[in-house]
Amino acid sequence: MTEAENRAIEEAVAKFRGLMETQLTRAKKIKEDKDFTDYDALDTIVIGICGGDGIGPVITKESERVLAFLLKDEVARGKVTFKEIDGLTIENRAACNKAIPDDVLEELKSCHVILKGPTTTPRAGDPWPNVESANVAMRKELDLFANMRPVKVPEEGIDWTFFRENTECLYAMGSQGIDIDEDLAFDFRVITTPGTERIARLAYDYARANHKDRVTIVTKANIVKTTDGKFLDICQKIGKEYPEITTDDWYIDIMTAKLVDEKRRNQFQVIVLPNLYGDILTDEAAELQGGVGTAGSANIGNHYAMFEAIHGSAPRMVQEGRDKYADPCSVIRAGAMLLSHIGYQEEADKLNRAIDACAEEKKLVLTGRSDGATGAEYADYILSKI
Ligand code: IPM
Ligand code: MG
């Protein structure tokens, strides 16, 4: 090793040490955190509405309108209130050079649940500083450890619920990798025992509560032996506490293939997997349902929960003046998940039925262009079916 290389390694080791300390502290915190928000016990449930950027504000507004309609009695009696949160735009994040500006984070933390539009994620070469994704930062800051993504294709018997771990894997330190020199770069993948236990338990509890009899664990534990090995091992251990549920496990490569295997795919029910595999597999799954624009997702933690679309902010639609034609269904579905999470299951069911009815009847269609309905017209269409 040259002297320069030795110095680079020393620096990297010191930085890695810092990252390990942070993650050890985090793992301890997870173990100690036994509290959770009881929505029934709250005097007022505060629902934060955070439009994000790109098409976010217009589609989120439509979902808010639908929620306000379904919850009007609850708002009238003071049990529910809405709070608008601005400032999570890429322009403001770039100006503050922060994934989430401090004042916005404070506002988010003053809510119990949040409905969020998509936010632009900067990458190297963009006109913005390459700050961490606002999504990822919010999931970490509010400890939203479970990303629950349902995908349904009823005519094919597909009814999947993905439980994507949301705070670990390559995402935990995705913006803290180390360049040793111009030839060598490292990123770090994190899997913790308590972090895996809590996502596994949520997936199995969900399966039990919803009379599902199979949970599928997805990893690449034959290759990524330490971290995926731990994830698989812990999930299997938790699975033993649920003897009525069959556990199987698949590797991520063959699992992506099985999702397009028409003979096998309807056998999957509940799927639990680490963050990055979950990111990829749920886009594939959503595409089978009709596109990522049709899917909503719930980011659940013990203290907060955030509900969002799984797609991006579509800046091109805004540049071309087409944002009013953007499909609001993903955020409206996310709204249904929010209703169910805070205890309004009946309203959530009503809303899901209305969305399904519109998709089936097709009196209005969304094309993303002026030959289709606007998002507002489509939301009215959904409201007319409630
Ligand atoms: C998702 C998105 C996000 C992710 C992006 C926007 C950071 O793709 O929610 O799946 O990678 O998790
Ligand atoms: Mg994704």
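View 1. Helices are DSSP runs of H or I with at least four residues, strands are runs of E with at least two, and both are numbered from the N terminus. This is a predicted model: local features need pLDDT of at least 70, side-chain atom pairs need 80 or more, and totals for chains, interfaces and linings use all residues. Residues count from 1 along each chain as written, chains are lettered from A and ligands numbered from 1 in written order, and side-chain values use heavy atoms, without hydrogens or water.

**View 2. Six aromatic pairs turn up in the whole structure**. Rings of Phe, Tyr and Trp (its six-membered ring) pair if their centres lie within 6.5 Å; planes under 30 degrees apart are stacked, over 60 edge-to-face, the rest tilted. One of the pairs, F163 with Y206, is tilted, at 5.3 Å centre to centre and 55° between the planes. The pair links distant parts of the chain: F163 is in strand β5 and Y206 in helix α7, 43 residues apart. F163 has 1% relative accessibility, so it counts as buried. Buried means under 20% relative accessible area, exposed over 50%, partly exposed in between (1.4 Å probe, protein chains only). Y206, at 22%, is partly exposed.

**View 3. Helix α12 is largely enclosed**. Of its 13 residues, 10 are buried, including C329 and L339. Just after α12, G343 takes a positive phi of about 105°.
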